[in-house]
Amino acid sequence: MIPQTEYKERREQLMSKIGNGTAIFRSAPVAIMHNTVEYNFRQDSDFFYLTGFNEPEAVIVLAPHHEEHRFVLFVQPKEPEKEVWTGYRKGVEAAKEQFGADETYPITELNEKLPQYLKKADRIYYHLGRDKPFNDTILKHWQRLMGLYPKNGTGPMALESTNLILYGMRRVKSTTELKLMRQAIEISVDAHNHARAFTQPGRYEYEVQAELEHDFRRRGAIGPAYPSIVASGANSCILHYTENNRQMQDGDLLLIDAGCSYGYYNADITRTFPVGGKFTPEQKILYELVLKAQLNAIAQVKPGNPFNQFHDTAVKILVEGLIDLGLLAGDSEEIIKEKKYKHLYMHRTGHWLGLDVHDSGGYKQGENWHIFQPGNVVTVEPGLYIGPDTEPLEGQPAIDQRWRGIGIRIEDDVLVTESGNEVLTAGVPKSVEELET
């Protein structure tokens, strides 16, 4: 789906940033669901971003200072007796040919071969992640080479995370990446529209989930980008609700937060609508407030604006609206400064989107927020959640029963363009007029 030339360009870009260092990346491990049953394999996103190689038990070494081997792959060798059980492998020779490595070795030779790519490096670039045994392997090699430095006069005297380098690269999506994201979003948009048409009182949340995820797979997606949230009634006030087992009733709102993964690139869409086709007065008031906050926040997603500006815009509108409704009390600026709205809106307004749903990229460098630039993709998803048992924060008014059990979130995926933005998920209706039937 992405040509090898683009993966090569990414590796070259990374190597240009590490100078005389050596960067190391470990593939995702095989994860166990329970006992000996495995989850479907999902490659580590950084590893995939640099190679497109989609097997476990592999390591990338990027050594721009090496005379012959700047890009090295360690992979599982061909073993037919094991492949019968776990699937076909590329093997050492085919991996070298297909993925453009200067040299490829069996993964069993990692400890033997790795030192030659580290001994002349001035530092190791490696992110100490969750794979403790592999962390220990890297630290062991680093410590040994530091011990040899007085004798050899060369070797890595520092260990630095690869994250900060890749953050800047992965924040800006290429034309090819955007094509995959548009496909994931197109599939997800159609699935959301089908799910809304399918929804009616008496059906169960899991029936709607089944319709969504059937559409994902039928259209060629890998599957859900994250556990689908289909939350009716008071369940809509649970941010990461995934049981999806309640029978929907007339008068409920249904919050659907779902998107598919296509070629490892993700969509992330949320819509909230009335199960019976009509909002109650209270639901409509809160929905229109969230929608106003979202539309104004989207307008702030444009080149030159700092990342936090769309969140601050949404919060300001929500707080002022809640004061008007008597759900908050006091000066809006003080409420925002002291976060006295957090019992009603407790999450941020969006995140980067791409290979990961909460994509790599970071939000700040030091005290400064990153500035939007063309090619960034971000979600914009304000909400309000007034659960049955929500307690106001200190100094805030009691919540009248008529507002309780209402949870609303509206989420779109937004691309920063040269002149402003493009709402990639605009095909899913969100106005009151469109949602009421």
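Which element gives the largest share of the lining of the largest pocket? Helix H8 does, with four residues. The model is predicted: local features need pLDDT of at least 70 and side-chain atom pairs pLDDT 80 or more, whereas totals for chains, interfaces and linings use all residues. Residues are numbered from 1 along each chain as its sequence is written, and side-chain values use heavy atoms, without hydrogens or water.

View 1. A pocket is an open set of points on a 1 Å grid where a 1.4 Å probe fits, with protein on both sides within 12 Å along at least five of seven lines; lining residues have an atom within 4 Å of a point. A volume is the space filled by probe spheres set on the points. Helices (H or I, at least four residues) and strands (E, at least two) are DSSP runs.

**View 2. Domain 1 (4-169) and domain 2 (172-436) each supply at least three residues to the lining of the largest pocket.** By class, this lining holds 16 nonpolar, twelve polar and eight charged residues.

**View 3. The second largest pocket has a volume of about 520 Å³.** Among its 23 lining residues, His240, Asp257, His351, His358 and Glu381 lie nearest the centre. The lining divides into ten nonpolar, seven polar and six charged residues; Asp, Glu, Lys and Arg count as charged, and Gly is among the polar residues.

Technical notes: Domain bounds come from an automatic or database domain assignment.
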